[in-house]
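Thanks for coming. I will walk through one structure today, starting with its rings and then moving to helices and strands.

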Amino acid sequence: MGTIKSEIKTSGKGLMKNRNCEVIIKPSRGGNIRIFSKGSEVPFNVSIDNLYSTDHCVTLCSKEHRTLLGDYKYKVMLCEHFVAACAICGIDSIDVYLSEVEMPIFDGSSKVWVDLFKNAGIEDVNKDLYTVSEPVYYLNGKTSLVILPDKELRITYGVNYDHPDLTRCWVTMDNNNLEEIIEARTFGFYKDLKKYQMLGFAKGVTIDNTVGLKDIGYTTELRSEQEPIKHKILDLIGDLYLAGVSPLNLRAQILVKEAGHAVHTKVAQILKNKLVKI
């Protein structure tokens, strides 16, 4: 069970609501990543079974606490970058306490979370390897996500955005660019920012935590070539980890074209029942 050696305390603003969230992360031997949402003394596990929404970001919830109107009282938004950092660091056993209902965005990537975990120390990482018992796939029009058994992990992600640098482009993750994946920031079309903010979202967007796609170029200098596509791979890592196994422990070829959180998590639900230990 991968956990941290010492407690972590940090805080930061949320991307959607721009509220400050204080976070305490404690080592655990329980064998789960457990989240204590704002106001709740009962945790819920980071799991595809506790997925609440993929609108704008990944939101997890406690399905044991339903309101009289049928909604879920305790939820946590923007989990994907945090969960991706857990997957990358091999962490599967910690308790996370939040003062708000949204994880901090930090710099828009998983880098701060990964650095916090490494500075706290990581121990007892589970190095078991897995593959899939048969091909796992989702196909719907232009969107596809396929997971095939293989001798090594390879993730290739394709996008086709209305942007001169991101039209029919593909990026493959390998051992040489994992750090670029970790530090790849979230992104969006700059022209849509005011619309989303009027709807109550993206209130915490800044030039430091989000890459804005302009008609030509970006609102900030990229950290690496095709950074937005690398962020899509980062999101995928976090979303597939909800199936219970870090994608970095998979021996499979993962091919993705024009997908997002909704498709990632649909496949995670299928993947959960197709995993086999090597």
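How many aromatic pairs does a search of the whole structure find? The search finds six aromatic pairs. Rings of Phe, Tyr and Trp (its six-membered ring) pair if their centres lie within 6.5 Å; planes under 30 degrees apart count as stacked, over 60 as edge-to-face and the rest as tilted. One of the pairs is Tyr161 with Phe189, edge-to-face, at 6.4 Å centre to centre and with 90° between the planes. Tyr161 sits in the loop between S14 and strand S15 (169-173), and Phe189 in strand S16 (residues 186-189), so this pair ties together parts that are 28 residues apart in sequence.

Before going on, what we are looking at is a predicted model, in which local features need pLDDT of at least 70 and side-chain atom pairs count only at pLDDT 80 or more, while totals for chains, interfaces and linings use all residues. Residues are numbered from 1 along each chain as its sequence is written, and side-chain values use heavy atoms, with hydrogens and water left out. Helices (H or I, at least four residues) and strands (E, at least two) are DSSP runs, numbered from the N terminus. Buried means under 20% relative accessible area, exposed over 50%, and partly exposed in between (1.4 Å probe, protein chains only).

Back to that pair. Tyr161 is partly exposed, with a relative accessible area of 21%, and Phe189 is partly exposed too, at 25%.

Ring pairs also link Phe82, Phe106, Trp113 and Phe117 into a cluster. Phe106 is in the loop between strand S9 (94-98) and H2, and has a positive phi of about 50° although it is not a glycine.

Which residues of helix H2 (residues 111-120) are buried? They are Trp113, Val114, Phe117 and Ala120. Just after H2, Gly121 takes a positive phi of about 90°.

Next is helix H5 (residues 227-240). Here 14 of the 14 residues are buried, so H5 is largely enclosed by the rest of the structure. The expected span of a helix is 1.5 Å times one less than its number of residues. For the 14 residues of H5 that should give 20 Å, and the end C-alpha atoms are 20 Å apart, which agrees.

Now the strands. Two strands pair if DSSP finds at least two bridges between them. Within S18, Ala252 is the bridge partner of Pro149, and Gln253 that of Arg154. In a regular strand the side chains alternate between the two faces of the sheet. In S18 the covered face holds Ala252, Ile254 and Val256, and the uncovered one Gln253, Leu255 and Lys257.

Last, three strands form an open sheet in the order S6-S7-S8, with antiparallel pairing. Strand S6 (51-53) and strand S8 (75-76) stand at the edges, each with a single partner strand, so one side of each is left without a neighbour in the sheet. Two bridges join strand S7 (residues 59-61) to S8, and Cys61 has Lys75 as its bridge partner in S8.
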